[in-house]
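These are my notebook entries on a structure that is new to me. I record what I looked up, entry by entry.

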Amino acid sequence: DIDIDPTTFFLVTKFCHGYKIHFSSEIIVSVLCAAYYLEMNDDHSSNNLLNKAVTFLEQRVLTSWNETVKALRVCSDKILDKITDVGIIEVFLDSLVEKALKDPRLLEDLITLPLRLYESLILESSKHNVPIENLVVSLCNYAKRWVFDKDSGDESFSRYKREVIEAVERLLPHQRGAISCGFLFKSLKESIFLDACSDCRNGFEVRISKQLDMATAKDLLILSSKEDGSYDIELLKTILKSFYSNYNVSDVSRFVSVAKMLEEFLFEVAASDASLKVETFKALGEITVAASCDVLRYSDEIYRAIDVFLERRRGLTESEKMEACRVLECKKLSPEACEHASKNEKLPLRIVVQVLFFSQQQIRDRWAKELKGVHEKTEDVDVEEEENDEIENMNKKLLRLDIESDSSKKRGIENLACAVHCGKKKMKEEISVWREVKRKFGCMTSFTVDACNCYIKKRK
């Protein structure tokens with residue numbers, strides 16, 4: 001009724017018949033268990049198997065880190081139960097912890113140990129103040145060995161992978177920056193895929209939120225699903241919500257880092273994911289806008305993401321393009337981005353109109369700053385001349401826009417040019433140029449042909 005492997009059984013049989021036997025680190029634990037179970041001790045004979053096995057263990061195994069690891073590596077759960085009952089497991093753990101305290105780098109060699117033994121060893125090491133960085137390296141290597149680099153296989157192995165990722169989460173420290181963001185995101189994704197317990201998943205989410213400002217766009221890309229290329233929008237929102245709840249407004253630099261990271265993430269997704277749907281892009285864009293609001297001065301990176309998204313999807317309808325562009329705040333574009341957008345044929349006409357509108361506002365604000373402090377009369381003359389030149393240039397820009405494939409766009413641009421022309425005329429009559437341009441741009445929002453009563457000849 002003894003649970004024993006054939007090799008150990010053969011060795012015990014040889015000993016009973018008086019043959020000379022040879023131990024090895026790989027077999028010594030099972031021999032100890034068999035000798036203990038069969039009561040092959042001093043009560044039976046002074047030349048007993050148990051004494052011989054214990055002597056080999058003390059002199060040849062426990063004195064060496066590598067031999068100790070070899071001895072434990074082959075232990076099954078049944079063997080571990082037996083050596084735990086007789087108190088031998090503590091001997092192994094104490095030996096390894098003692099050596100790890102002298103050289104913590106040795107902990108990296110434990111990735112082949114059974115999970116049950118590995119978890120006990122890491123816990124003991126942490127109790128004896130082994131450096132956190134060495135514990136983290138060991139845990140990351142263990143997860144990589146048994147979870148990241150292994151296919152799911154059958155149900156039993158998937159269950160073992162789930163046990164590993166849950167144990168790793170329990171053992172990882174909670175200190176900010178102690179674990180790389182890349183590892184945390186990979187672990188979170190695996191915990192979701194393996195259907196790990198909620199405590200495991202939440203543990204990774206909390207650790208990520210504590211150091212989200214240290215993450216990169218590539219870390220966020222890990223959360224995409226390999227099967228359908230989708231993104232867990234709600235998970236991203238949960239992580240962001242947790243991040244913002246952990247920091248007060250004095251930590252502006254961390255908010256800025258997260259906002260920039262999300263902008264880069266949006267661009268990477270738009271550029272690399274050919275299957276990305278308009279709805280998903282819009283949802284990710286809304287998250288990015290929310291993070292950058294009142295933190296970043298310009299939205300140029302969001303515009304870049306939209307531009308590359310439209311570039312890679314030339315077959316989108318006008319309404320789909322408009323949906324993708326709804327996350328763009330034209331008033332937060334830099335002058336350079338406005339210049340580019342005003343000539344961007346991929347953008348819907350309504351967005352171009354808004355860009356030109358806010359571009360005029362930027363021009364007026366810039367003039368106001370430059371002319372501040374100048375004599376009022378001189379200012380009036382100079383402003384009128386410069387504004388006339390700018391409006392004339394804007395008129396020429398509008399007439400150069402080449403969107404001949406869409407007649408409705410042509411009519412819209414003509415009306416817009418008409419509005420600018422009217423604005424120039426009204427300025428000469430000493431009416432506020434800002435109010436007039438605003439009114440004229442507003443009349444274009446309906447995109448009807450008769451949105452403006454002014455007349456301008458169509459280009460040939």
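**Entry 1: terms and basis.** I count a contact where heavy atoms lie within 4.5 Å. I am working with a predicted model, in which local features need pLDDT of at least 70 and side-chain atom pairs count only at pLDDT 80 or more, while totals for chains, interfaces and linings use all residues. Residues are numbered from 1 along each chain as its sequence is written, and side-chain values use heavy atoms, with hydrogens and water left out.

**Entry 2: confidence.** I looked up pLDDT, the predictor's confidence in each residue, from 0 to 100. Its mean over the protein is 82, and 78% of the residues reach 70 or more. Over residues 398-410 the pLDDT stays under 50, and the model has 25 contacts beyond four places in sequence for them. Residues 412-460 are also below 50, with 70 contacts in the model beyond near neighbours in sequence. I note that where pLDDT is low, the predicted coordinates should not be read in detail.

**Entry 3: overall make-up.** I found 22 helices and zero strands; these are DSSP runs, numbered from the N terminus (helices H or I, at least four residues; strands E, at least two). Of the 460 residues, 46% are buried, where buried means under 20% relative accessible area, exposed over 50% and partly exposed in between (1.4 Å probe, protein chains only). Among contacts with a separation of 6 or more, 72% join residues 24 or more positions apart.

**Entry 4: the largest nonpolar core.** Such a core is a set of buried Ala, Val, Leu, Ile, Met, Phe, Trp, Tyr and Cys residues joined through side-chain atoms within 4.5 Å. Which of its 125 residues touch the most other members? They are F185 and L212. Helix α14 (residues 252-272) gives the most to this core, nine residues. The core lies between domain 1 (1-128) and domain 2 (250-368), because both give residues to it; the domain bounds come from an automatic or database domain assignment. Leaving aside residues up to four places away in sequence, L212 touches F185, I239, L240, F243, V258 and M261.

**Entry 5: helix α17.** In α17 (residues 318-325) I find K321, M322, A324 and C325 buried. They are on the same side of α17, because they cover an arc of only 160 degrees around the axis, taken from the directions from the helix axis to the C-beta atoms. Their cover includes α15 (278-292), α16 (300-311) and α19 (349-370).

**Entry 6: cysteines.** I found zero disulfides, a disulfide being a pair of cysteine sulfur atoms within 2.5 Å. For C330, the nearest cysteine sulfur is that of C338, 7.5 Å away. C330 is buried, at 3% relative accessible area, whereas C16 is exposed, at 54%.
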